[in-house]
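I opened this notebook to look up the pockets of one model.

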Amino acid sequence: GTTCAGYFTPYVTVNDNGRPAEVPPAAWVALAYMRKHTSNATSITPWTIAAGVTNGKISNVAGLEIDFSTEDIEFLNQAQMNPIVYKRNRGYIIDTENTAQTLYKSSLSYIHCREVLIELERELSRMLLDFQWKYNTPDIRVEIKLRADVICEGYVSKNGLYNCFNKMDEENNTSEVIDNQMGILD
């Protein structure tokens with residue numbers, strides 16, 4: 001039931017020195033996801049969906065352990081698994097982008113949404129390092145909030161976030177928080 005993992009199936013068939021071998025698809029799936037980070041196209045972001053015939057291609061495989069039926073794919077999707085399928089004239093592709101979250105359906109049920117949060121957390125963490133060991137004063141809180149707003153608005157403009165609202169004031173930075181030499185940005 002986690003949003004940090006995705007399950008991909010079936011095994012892929014590869015050429016192992018002239019004989020077919022079925023292996024887990026992890027390396028080929030990872031290559032599909034890494035293409036987002038190595039692409040020169042400005043329309044590709046780290047949270048571009050790595051599924052379908054455009055961005056979900058699986059290359060250099062000879063086949064699949066099993067060809068799923070439409071019914072199989074429906075069941076796998078309900079189980080939050082990501083089938084790899086063959087599309088005629090297109091090749092092998094990742095068909096869906098589900099996370100392992102099975103308890104309830106939300107935006108975190110999709111890998112690209114989780115990737116947005118990973119990238120946002122990294123960027124906010126880098127920014128917040130500039131404020132380590134600075135006093136938690138109203139001026140510092142305003143500056144942190146402004147920088148966080150700029151970062152988040154960048155994600156909104158790139159369709160990573162739909163909307164954002166940052167809060168860092170005396171309401172969530174109480175005397176107790178400040179006395180413990182912390183700061184809270186919501």
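Entry 1, conventions. I worked on a predicted model, in which local features need pLDDT of at least 70, side-chain atom pairs count only at pLDDT 80 or more, and totals for chains, interfaces and linings use all residues. Residues are numbered from 1 along each chain as its sequence is written, and side-chain values use heavy atoms, with hydrogens and water left out.

I noted a volume of about 470 Å³ for the largest pocket. A pocket here is an open set of points on a 1 Å grid over the protein atoms alone, where a 1.4 Å probe fits, with protein on both sides within 12 Å along at least five of seven lines; lining residues have an atom within 4 Å of a point. The volume is the space filled by probe spheres set on the points, which are joined across faces, edges and corners. I found 17 lining residues, of which F131, W133, K134, M182 and G183 lie nearest the centre. Helices α4 (111-129) and α5 (138-157) each supply at least two lining residues, and α5 gives the most, with 3. Helices are DSSP runs of H or I of at least four residues, numbered from the N terminus.

The lining includes T3, C4, Y33, R114 and E115. Both α1 (26-38) and α4 supply at least two of its residues, and the largest share, 4 residues, comes from α4.
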